[in-house]
Structures are given as C-alpha cells and as structure tokens.
Amino acid sequence: MNDGYQLQLALPDDFHVHLRQGTQLPAYARRSAAQFGRILVMPNTLPPICDGAALRSYRAEIHTAAPDCQALMTFKLVPGMGTAAVQDCIEAGAIAGKYYPAGATTNAADGVADPQQISDELALMQELDIVLSIHAEDPLSPAMEREAAFLPIVERLIRNYPKLRIVLEHLSSAAAVAAISNWPERVAATLTAHHLTYTIDDLLGDKLQPALFCKPLLKSAADRAALLQAATSGSPRFFFGSDSAPHPADAKLSAAAPAGSYTAPLALPLLARCFEAAGRLDRLEYFVSRAGADFYQLPPKQGSVLLTKKAWRIPERIDDAIPPEAGRLINWQAQRLP
Ligand code: NCD
Ligand code: ZN
C-alpha cells in the first residue's frame, strides 16, 4: 500500500487484555479504549477476580477510567472456589471463566493443577453456557513445548464437557493451530499481535528484548507462519486477543523480568503490518471486529477505526512500560472514530 492509504474498520474488540489494578489501571484502560470498543478483561489481579463483588467493583473502576469502552468481565477459576462463587460471578455479568494452570504465568500460583479440581465449576459453566478461557500451557514441560504438551488436557476437557464452549488463549504454535482446526466448532482461539509478528529470535537472537518476553514464549518462523495463516484465513475459529500485559519498566529491566508484552498501544498498527505483508488486509476487519464478537454472541458495536499508512515513532516508554520496538518507526497509525 502507498503512503497515505486509508482503511476504515468497524470498531474492533480485544478479547484478552490485562489492565492490572491501582494507579496505572486508568492509563491502561484508556490506551485500550483508544482502539477498541469492547475488551475482555483478564482476572489475574492480586487478589484475583473470583466473586461477584470483586468483579463489579473492578468493572466500575474500568468504566470510570474509560467510559467509551465496554469492559467484558472474566473470573479466575481457582481450586475450591465452588459453584456458588461461579454463579455469583455470572450473575455479576462474567462472560468467561479463566483457567490458568498453576504456575503457568504471571499471578497464576493459585491456578489449577488438575482439571478435576474444578469439575463442578466447569459443569456449571457448561450448563449456563459460559465460555471457558484457557491459558493452555503445561508449566512442567520444557519452555518451548508447554503449549503442545497441554493439548491432550484440552482434548479431555472437550470430551468430558460436550457442550462447553472453549477459547484457547494466545496461540503460539503450529501444533495448536492444527488442533483447533480439528476440534469441534465450539472450540476457538485468540491470536495476539506479537505472536503474529515476532519469533523467538526477535526476543533473544541478538540483544535480549525484555519487552517481547511473554507467556507463551514466541516460537519459530514456521509457527508464526501457521498463526498468520490462521489469522488471515477468514475462519470464525481464530480472532483477536492482544494479551497486552504491561509491567513497569523497572520490573521488566530487573534481573528477574516478568512475562508480558505491552502491546495495546500499537496493536492495530502491528496487525495492519502483518496482514498487509500477508496480502490480506481485506481480512483484517473480520479478524479484529467480527469473528470474536460472533463467538461470544455479542451484537455489532457502533463506531469505527481509521487505519492510515503513515510512519510514526514508537515511544521508548508508554505508561511507564516498554512497548515492543520502542524507539523504532512503524508504518501504520490507528485512530478511533465516533
Ligand atoms: C500475562 C500477565 O502479565 O498478566 N503475561 C504474559 O506473559 N502473557 C499473563 C498471561 O496471559 O499469561
Ligand atoms: Zn494474558
């Protein structure tokens, strides 16, 4: 596309974002609202979102910061929470429950060690048609194999809960793309902008780039190609979830950097660049503005974003976090329109 080329999309949704809590929450929420009409907010705060009262007050805080963005809420499945707490979260408006394998990622020490631990909770979610969202990695497997190693567990969940709708989050491997394509239609997946853009070599092939350190780890060029193929295929099974996960710069630059990439501020420019490179800009709107809403059975949302092919420099810091490609030029801009 030539410089100045413009593309207008129906207002996008982000079906996986971390807004944290405390002083930075308003900035993170507004950053998402600048590009997205609806966001699915992850529950791995400290303490986690596990009951209706916590969910309501978290949603109210987000709404106060970014009233023009609809926060769709999730709750965290923790062993022993019980069906009454699940019911309470659903009554408060949760549309998904999040399964974190214990120890798999940031703030997941209290997660699930074995799906048996949450079998009653899953049965209730199935009965009430609440989506099960999964961080599909086995933390006990070697770092690059964790996603593939978790697929048999998902397969068992699919078999044991024959009506449960499931989303595998932030796919990173060709193996997971192939699995999704073979599973029933009630199983879908989110794809992030960073897994569509980078490989493990971008993270550590030259100087270490803490901004790209996330779970699941970035993988090979072949894995990335499979993800990009899925994203641009027009399949209803693959839709956008940024997994934008900001960490303060001093933590990211410490000797024990936490996992998570702050991509929300440049999600659409990154996606436009990927889709353009794949020659499939025509499929971008379906991926970011339609497929996920259809899976979650949400109505169309008013508004749009305007993408313009025009270079801008990504700041060194955004909201005190380090964005990917900090200080570099990127050739797409996004502007939300009323
Ligand atoms: C996320 C975070 O920081 O909360 N980190 C990440 O690397 N993606 C948690 C998650 O989604 O795994
Ligand atoms: Zn996440």
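Helices (H or I, at least four residues) and strands (E, at least two) are DSSP runs, numbered from the N terminus. This is a predicted model, in which local features need pLDDT of at least 70, side-chain atom pairs count only at pLDDT 80 or more, and totals for chains, interfaces and linings use all residues. Residues are numbered from 1 along each chain as its sequence is written, and side-chain values use heavy atoms, with hydrogens and water left out.

**View 1. T199 in its loop.** T199 sits in the loop between helix 7 (193-197) and helix 8 (200-204). Its relative accessibility is 9%, so T199 counts as buried (under 20% relative accessible area, 1.4 Å probe, protein chains only). Beyond neighbours within four places in sequence, T199 has contacts (heavy atoms within 4.5 Å) with L218, K219, S220, A221 and R224.

View 2. Helix 5 covers residues 146-160. Its 15 residues reach 22 Å from first C-alpha to last, close to the 21 Å expected at 1.5 Å a residue (1.5 Å times one less than the number of residues). A kink of about 30 degrees is centred on P152; the bend is the angle between axes fitted to the seven residues ending there and the seven starting there.

**View 3. The buried residues of helix 5.** These are R146, E147, F150, L151, I153, V154, L157 and I158. Their cover includes strand 5 (96-99), helix 4 (119-128) and strand 6 (131-134). It also includes strand 7 (166-168), helix 6 (174-182) and strand 8 (187-191).

**View 4. Protein donors of the zinc ion (ligand 2).** H16 (NE2), H18 (NE2) and D243 (OD) lie 2.0 Å from the zinc ion. Donors are N, O and S atoms within 2.8 Å of the metal (3.2 Å for Na, K and Ca). H16 belongs to strand 2 (residues 13-17), and D243 to the loop between strand 9 (238-240) and helix 10 (249-252), 227 residues apart. Both H16 and D243 are buried.

Methods. Chains lettered and ligands numbered in written order. Buried < 20%, exposed > 50% of the residue type's maximum accessible area, 1.4 Å probe, protein only.
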